[in-house]
Amino acid sequence: MSSPWEQIPLFALPETTLTTSPASTDDVLPDDDVLPDDDVLPDDHAASVDAAVFAEADQAGSEPAVAGHRESSEQSDVAEADDAPTPPSPEVDNEAVDGDEAGSDAADPPVWETLPAGEEADGHALIVTANGTYTPSGRELTGPVDSVEKLDKLIRWAALTPLGAPAQIWIVGQAACELLGWIIDPGSEDDVDDMEALRNRAAQELTAVLHATLTPLLNAGWELRGDPGHVVHLSRSIGNFTSMVDVVIEPYVWTYWNKDFGWHNRVGDMGILGSPTAGTYLPDDDHPAARELGRRLAWCAKHLGVLPGPTPARTGAALVDKIKRERTRSGKGIVVTTPGSVPPLDGPPRGDLEPAVGWTRVPQADDLDNAHRLVSIDQRAAYLASAGMLEFGYGQPTHLTGDAAAAAAVGDKGAPFGLWRITLPAGQTLSLPEKLPLPHPHMLANQPVQTWVTTVSLDGLCSPVADGGIGADLDDLDITEAWVYPQQGRALDKWAKILREARKAAVDTDDDATKRFLGTCYKGYIGRMVNPDMWTAKQMHHHHQPLWRAAIIAHCRWRGRRVAMRIAREHGRWPVRTVTDSWVYLLANGEDIADASEALGKMSVEKDVALTDTLLSAFTSAQDVHEVNLAIKAAFADNEDADDDEGEGAL
């Protein structure tokens, strides 16, 4: 094996294969087909796993087979770009900059670019540039990969093993793509009315180019899992085993672009690669980009125990499955193996069972008194906090009606996890604060509403008004029907703990790139719980948990309302707007309404701007909520792309 940074010719590969890191013991095997520890994998120069885990997932609609690396939309919680990067790559051309600019960049790189790269992803991933191939830790292995035949030989020699996802070969930089013949020219964004048309054109062209150039790999025994795109999913069967590797073409990530990764003409976070808008995308030059990508891969392997998935949501799912395998082997902990589809409910579909709140009011004179700042506060990593706290139901629910349903809600430990058909009283019949939205989004001011709610909302409604509820007794809610789950527990506690500790590690080292990536992972995964089309593969059905998602959203909503009541008591201030877990207040200079604690779920300041005379006049003269929203938008205009990882946005 060569010494660090010693380049060797591609066709003089060492006789020995790359050393697999200790983390590779977490193989990616089917949940019901775990190999004994002493089983020997076939001699294929690539780690082998049963194909059922990934092949079925990739071919189905779990997330498209051409994987992506973004988790952002106009409704999401990560910063977005106002304009998509010019194709074919979100990188800028590798042209020399003048000395002043170069010196400035070199003197003041982002903090995360100076962090060391670990070895945790070595043996699981390789990085290919036009100059050579590297381990994620930075060890230079070979010369340029200038043909698909050499790529095949590299994959076989590397003997990479999976780590929560198939082994990965990352192609970094346009020049590396040119060596392999992977060139597309979809045109300019100036030639199309919207970027989605350009993306579709580029994706189709890329697939055609790959089909035309991958013949040597196919002749060598590799098969494609789905159509190739910016990720080429390869598998090769030997006996009962199938070797799997994903070739990720970094310059063409933008060609996979749906509502998860961009909205209209915007491009947002691209998973482990970062966000062009937020300044966390890979560096412009290929070598620094390869180094930083390697660092992030190693960071992900170290702190999450998995390679980054094809989307952030799938990274979150891979972590859930890693924990599931560990618990299955040890026989300890909650293991959920079945989906939690919404039971059959009466009447037409109602949209979200537990909608996030969206509300604005026109400020009154006392709200504007001594108001000099507009401040937005939101819950720090709200959905992650709730996911770790809540007990979720699983198994086959029992349908109850009448007195049996009402009785089921009464227990020593409160109501069990489930869905409850209740009657929400008319808001105007209750003694509720006038300057807050109604306690539940389904509630109306002038008439009762019969609806379904989760146990979280049942508990919230029974809380005192001072804590954000309506002070109801269970009898007041007239429970007539219920779906109650036989088992419940903190199924996501370890998942949340791992993500929470990883987030702390990122925060402590000023690693904004991985901190943002973690945000997209847990928000994306929780958001995708609701859609069964995302989890159609047999081995992924258990990720479809819409009631878990509804409970998490409800928990964050009630927690925010409780904080609003606390702020009203302590400061005499009421919000003028709330969206999901974010609350906007008019405050005096020096007035601090955020929580002192830095724990997840606590309120932190998201945006804080001084009110100019023009802005103050806009709030004073506002006649309706539309004008208030315009004033808030104008005030926060310069903060639209601020890092809002602390909050959640819509899922």
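The count of salt bridges in this structure comes to 21. The model is a predicted one. Side chains of opposite charge can pair when their charged atoms come close. Three of these pairs are set out below.

| Salt bridge | Closest N to O distance |
|---|---|
| Aspartate 146 and lysine 150 | 2.9 Å |
| Aspartate 511 and arginine 295 | 2.8 Å |

**Salt bridges, one by one**

Start with aspartate 146 and lysine 150, which form a salt bridge. Aspartate 146 is partly exposed, because its relative accessible area is 37%. Lysine 150 has a relative accessible area of 15%, so lysine 150 counts as buried.

Next comes the salt bridge between aspartate 511 and arginine 295. Aspartate 511 lies in the loop between α13 and α14, and arginine 295 lies in helix α7 (residues 286-304), so this pair ties together parts that are 216 residues apart in sequence. Are these two partners buried or exposed? Aspartate 511 is buried, with a relative accessible area of 1%. Arginine 295 is buried too, at 2%.

Lysine 435 sits in the loop between β13 and β14 (449-454), while aspartate 367 sits in helix α9 (residues 365-368), so the pair ties together parts that are 68 residues apart in sequence. Lysine 435 is buried, with a relative accessible area of 11%. Aspartate 367 is buried as well, at 5%.

Salt bridges can also share partners. Glu292, Arg295, Arg296 and Asp511 are joined in this way into one network.

**Aromatic pairs**

How many aromatic pairs does a search of the whole structure find? The search finds five. One of them joins phenylalanine 417 and tyrosine 485: the ring centres are 5.8 Å apart and the planes stand at 70°, so the pair is edge-to-face. Phenylalanine 417 lies in the loop between α11 (402-408) and β13 (418-424), and tyrosine 485 lies in the loop between β15 (481-484) and β16 (487-489), so the pair ties together parts that are 68 residues apart in sequence. Phenylalanine 417 is buried, with a relative accessible area of 5%. Tyrosine 485 counts as buried at 7%.

Tryptophan 495 and tyrosine 525 form a tilted pair, with 5.5 Å centre to centre and 50° between the planes. Tryptophan 495 belongs to helix α13 (residues 493-508) and tyrosine 525 to helix α14 (residues 512-528), so this pair ties together parts that are 30 residues apart in sequence. Both residues, tryptophan 495 and tyrosine 525, are buried.

Ring pairs also build a cluster. Its members are Phe392, Phe417, Tyr485 and Trp548.

Arginine 199 is found in helix α5 (residues 195-213). Its relative accessibility is 12%, so arginine 199 counts as buried. The side chains of arginine 199 and asparagine 200 are joined by a polar contact of 2.2 Å. The side chain of arginine 199 also reaches the backbone oxygen of threonine 255, at 2.6 Å.

Alanine 409 has its place in the loop between α11 and β13. At 4% relative accessibility, alanine 409 counts as buried. What does alanine 409 contact, leaving aside its neighbours within four places in sequence? Its contacts are Gly414, Ala415, Trp420, Leu458, Leu474 and Ile479. Alanine 409 and leucine 474 are 65 residues apart in sequence, and their C-alpha atoms are 7.8 Å apart in space.

Definitions and conventions: Residues numbered from 1 in each chain as written. Predicted model: local features only at pLDDT ≥ 70, side-chain atom pairs only at ≥ 80, totals over all residues. Heavy atoms only, no water. Helix = DSSP H or I, 4+ residues; strand = E, 2+ residues; numbered from the N terminus. Buried < 20%, exposed > 50% of the residue type's maximum accessible area, 1.4 Å probe, protein only. Polar contact = N/O pair within 3.5 Å; in protein donor to acceptor, adjacent residues only side chain to side chain. Phe/Tyr/Trp six-rings, centres within 6.5 Å; stacked < 30°, edge-to-face > 60°. Contact = heavy atoms within 4.5 Å. Salt bridge = Lys/Arg side-chain N within 4 Å of Asp/Glu carboxyl O.
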